[in-house]
Amino acid sequence: MIKYSYTIMYVADVEATVKFYEEAFGFVRKFITPEKDYGELVSGETTIAFAQLDLASSNLKKGYQQVSSDKPFGIELGFVVEDVAIAILQVEQAGGNVYEALTVKPWGQTVGYVLDNNGFLIELCTAM
């Protein structure tokens, strides 16, 4: 059986990104390497991790597309929260930005989209 274990996002500043996720979402720091080029958060069964751009480049010899704050990639992290409006405010206070304002979907779920401090897209939503 295959088990989804972690997502690694390539960022310019691992320590600043871990701090953002701690402040914006309340995740707990699992560790950061002494070189500060890789870090992980405790986020339930699936780990959210960050690798510094140079480390990512050393692993991916063919290169990769860096995220920008212009327009996010066509992928998102989804975080279920009790109150989307409060979660969006916490993201803004931590230095993130609203990408799509809070809305209630026809099926009753409340959803909002934010960008983290690097430009990665995050969906904040109530449980279904």
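## Nonpolar cores

The largest nonpolar core of this predicted model comprises 26 residues, and those with the most contacts inside it are Y21, F25, F50, F79, I122 and L124. A nonpolar core is a set of buried Ala, Val, Leu, Ile, Met, Phe, Trp, Tyr and Cys residues joined through side-chain atoms within 4.5 Å; buried means under 20% relative accessible area, exposed over 50%, and partly exposed in between, with a 1.4 Å probe and protein chains only. Two or more residues each come from β1, α1, β4, β5 (77-80), α3 (84-94) and β8 (121-125), with α1 giving the most, 6 residues. Helices (H or I, at least four residues) and strands (E, at least two) are DSSP runs numbered from the N terminus.

Leaving aside neighbours within four places in sequence, F79 is in contact with Y21, F25, F27, I48, I122, E123, L124 and C125, where contact means heavy atoms within 4.5 Å. A second, separate core of 5 residues includes V111, L115, L121 and C125.

## Aromatic pairs

The rings of Phe, Tyr and Trp (its six-membered ring) pair if their centres lie within 6.5 Å; planes under 30 degrees apart count as stacked, over 60 as edge-to-face and the rest as tilted. The count by this rule is 10 aromatic pairs. Y10 and Y64 have ring centres 5.0 Å apart and planes at 65°, so this pair is edge-to-face. Because Y10 lies in strand β1 and Y64 in the loop between α2 (53-59) and β5, the pair ties together parts 54 residues apart in sequence. Y10 is partly exposed, at 25% relative accessible area.

F27 and F79 also form an edge-to-face pair, 5.2 Å centre to centre with 75° between the planes. Both F27 and F79 are buried. Ring pairs link F20, Y21, F25, F27, F50 and F79 into a cluster.

## Four-stranded sheet

An open sheet of 4 strands has the order β1-β4-β3-β2 with mixed pairing; two strands pair if DSSP finds at least two bridges between them. β1 (6-11) and β2 (28-32) stand at the edges with a single partner strand each, so one side of each lacks a neighbour in the sheet. β2 pairs with β3 (residues 38-42) in the antiparallel sense over 4 bridges, and R29 has L41 in β3 as its bridge partner.

Helix α1 (residues 14-25) lies across β1, β2, β3 and β4 (47-52), running at about 165° to β2. Axes are lines fitted to C-alpha atoms, for helices over the stretch in contact, and angles run from 0 to 180 degrees between N-to-C directions.

## Basis of the values

Residues are numbered from 1 along each chain as its sequence is written, and side-chain values use heavy atoms, with hydrogens and water left out. In this predicted model, local features need pLDDT of at least 70 and side-chain atom pairs count only at pLDDT 80 or more, while totals for chains, interfaces and linings use all residues.
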